[in-house]
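I'd like to walk you through one model today, so let me put it up on the screen.

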Amino acid sequence: MSNEFYRLRVNGVDHEVRDAWAGESLLYVLRERLGLPGTKGACEQGECGSCTVIMDGEAVCSCLVMAATAVEADIVTVEGLAVDGEPTDVQQSFVDAGGVQCGFCTPGLIVAVHHLLDRNPSPSDLEIKEAISGNICRCTGYGRIFEAVRQARDARAANKG
Amino acid sequence: MSITNATTIDEALAALAVNPKARVIQGGTDLMVEVNFNRTTIDSVVSLRRVAELRRWHVDDDAHTLRIGAGVPYAEMERPPLCDHAPALAEAARTVGSPQIRAAGSLGGNLGTCSPAGDGLPVLSALDAVVHLRSQSASRDVSVHDFMVGVKRNVRRADELIVAVTVPLVTGFQGYAKVGTRNAMVISAASACLVHDAVAGTVRLALGAVAPTVVRARGAEAWLASQTSLVGTPMVSEALAREFGARAAAECSPIDDHRSTAEYRRHAISVLAQRLLLRAATGSATALRGIRQ
Ligand SMILES: Cc1cc2nc3c(=O)[nH]c(=O)nc-3n(C[C@H](O)[C@H](O)[C@H](O)COP(=O)(O)OP(=O)(O)OC[C@H]3O[C@@H](n4cnc5c(N)ncnc54)[C@H](O)[C@@H]3O)c2cc1C
Ligand code: FES
Ligand code: FES
């Protein structure tokens, strides 16, 4: 579909995607066409979760979304979470708890954890495990990641008073 | 390559009528893997992502049936209120992939792919589901048993959409159990769905990943009915359950492949069928412990 274009709304901004092959994944289009490389790709088959984005309120693997079908969708990537360039509470808790080693899995996890805490502000340990069961980390052994999520959860509860 | 982003079923059917070679995409969790790895050449695509009609489900209280749109994601099946109407489907949905996969994947896609390891399919088989197919010129209802014809083969015609499935609302225990190499994110090496109809006095058992399609263990079902009354809470001894499992295992035709061996699969079926029957007898549903749905 050269000469044609479609529009994607990513982090509240409309983008025109031109001269693209229609079968491209959203992961590819975000990274290679829209200059948003925060979303990572590893397996391109839905197994690792490093490409997780929020689409219409659901956390999905962007490698499994055909980008040209994502028109009219509200897409949020890891770049769209921070406000005024400040890290979010979840990002900060990952730093504080040492939940980042090589960092490759981190953007997908940050998106998945935001999605969890926005729906369920007080998840149990089991609910945390379940929510990030689609995000693979090959470095940390998950202990510090769980700790980071607990810290973010508890801080949100404390802030609410 | 062209894309039709349909917003209604009619619009999608019109696009398929013009070009039956077009590939349908709903959640993309099967199709995009093929696309990403160049395992398929695609001429054009009809996307159902924005077809709201396919995302609906409803209960018909008079007919005692539940109709689920082909595009309803697993994430919805595993949660209330839908999970209460088809508990085995909810259990199966909870075992699919990861939260990201369950947010996108659908029964339309599970039926479209028609893998014998598809986790929705044993449930549809055990419930004797009807698959509703529609083309621009006609509609037809096909029993799920006739819909699945081989490994990744079904009777859908190229210009047809799977629009929904209908299953009966059954009084009695129903459950789904699956074995794989680990707990999360795993395709079934063997699976089973058991539905006990306490009013009709029947037990139906469907087996996954142990034959070219999902199959029913009709011999084991009939044998069980001849051994004990299945009206109300069935009386099931350990020995009876073991024999039921052994008979179910004898009815499947598993193969060795990269996921498992025929021998292990047969053994797994005997254990799964036995456990599900004992659960039916004790009435123990397995809510996901500690997880609020
Ligand atoms: C990481 C990962 C883990 C997975 N784990 C599991 C698992 O545990 N259990 C399991 O069963 N599956 C699993 N799957 C496979 C997949 O998620 C399921 O088969 C799912 O049901 C597919 O639904 P979909 O809507 O995403 O299908 P799509 O990929 O959109 O479509 C699949 C096929 O069905 C056709 N199709 C879709 N909708 C229709 C329709 N309405 N009418 C006609 N044809 C249609 C498409 O043309 C295509 O051929 C997994 C996949 C991935 C990537
Ligand atoms: S790159 Fe999408 S899940 Fe791995
Ligand atoms: S920090 Fe390296 S993969 Fe998670």
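Let's start with a question: how far does a backbone N or O atom of Gly28(B) lie from an oxygen atom of ligand 1? The distance is 2.8 Å. Please keep in mind that this is a predicted model, and that goes for everything I'll show you.

On its own, ligand 1 would expose 980 Å², and the protein buries 95% of that.

Where does the shell around the ligand come from? In chain B, the elements giving two or more residues to it are strand E2 (23-25), helix H6 (99-104), helix H7 (107-113) and strand E10 (161-168). H7(B) supplies the largest share, with five residues.

If you'd like to zoom in, there are 37 residues around ligand 1, and the ones that come nearest are Val24(B), Thr29(B), Asp30(B), Tyr74(B) and Asp119(B). Sorted by class, the shell holds 15 nonpolar residues, 16 polar ones and six charged ones. And although I've been naming chain B a lot, ligand 1 lies between chains A and B.

Now, two residues that I'd like you to find on the screen.

Thr69(A) is found in the loop that runs between strand E4 (58-61) and strand E5 (74-76). Is Thr69(A) buried or exposed? Its relative accessibility is 4%, and buried means under 20%, so Thr69(A) counts as buried. Its side chain reaches the backbone oxygen of Met66(A) at 2.8 Å. Leaving out residues up to four places away in sequence, Thr69(A) touches Ile3(B), Asn5(B), Ile25(B), Ser47(B) and Arg49(B).

The second one takes us back to chain B. Glu78(B) sits in the loop between helix H3 (74-77) and helix H4 (82-85). Which residue does the Glu78(B) side chain join in a polar contact of 2.9 Å? That would be Arg102(B), through its own side chain.

Conventions:
Residues are numbered from 1 along each chain as its sequence is written. Chains are lettered from A and ligands numbered from 1 in the order in which they are written. This is a predicted model: local features need pLDDT of at least 70, side-chain atom pairs count only at pLDDT 80 or more; totals for chains, interfaces and linings use all residues. Side-chain values use heavy atoms; hydrogens and water are left out. A residue is near a molecule or strand if one of its heavy atoms lies within 4 Å of it. A polar contact is a pair of N or O atoms within 3.5 Å; within protein, one must be able to donate a hydrogen and the other to accept it, and residues adjacent in sequence count only if both atoms are side-chain atoms. Accessible areas come from the Shrake-Rupley method with a 1.4 Å probe; for residues, only the protein chains shown count as cover. Helices (H or I, at least four residues) and strands (E, at least two) are DSSP runs, numbered from the N terminus. Ala, Val, Leu, Ile, Met, Phe, Trp, Tyr, Cys and Pro count as nonpolar, Asp, Glu, Lys and Arg as charged, and the others, Gly among them, as polar. Buried means under 20% relative accessible area, exposed over 50%, partly exposed in between (1.4 Å probe, protein chains only). Contact means heavy atoms within 4.5 Å.
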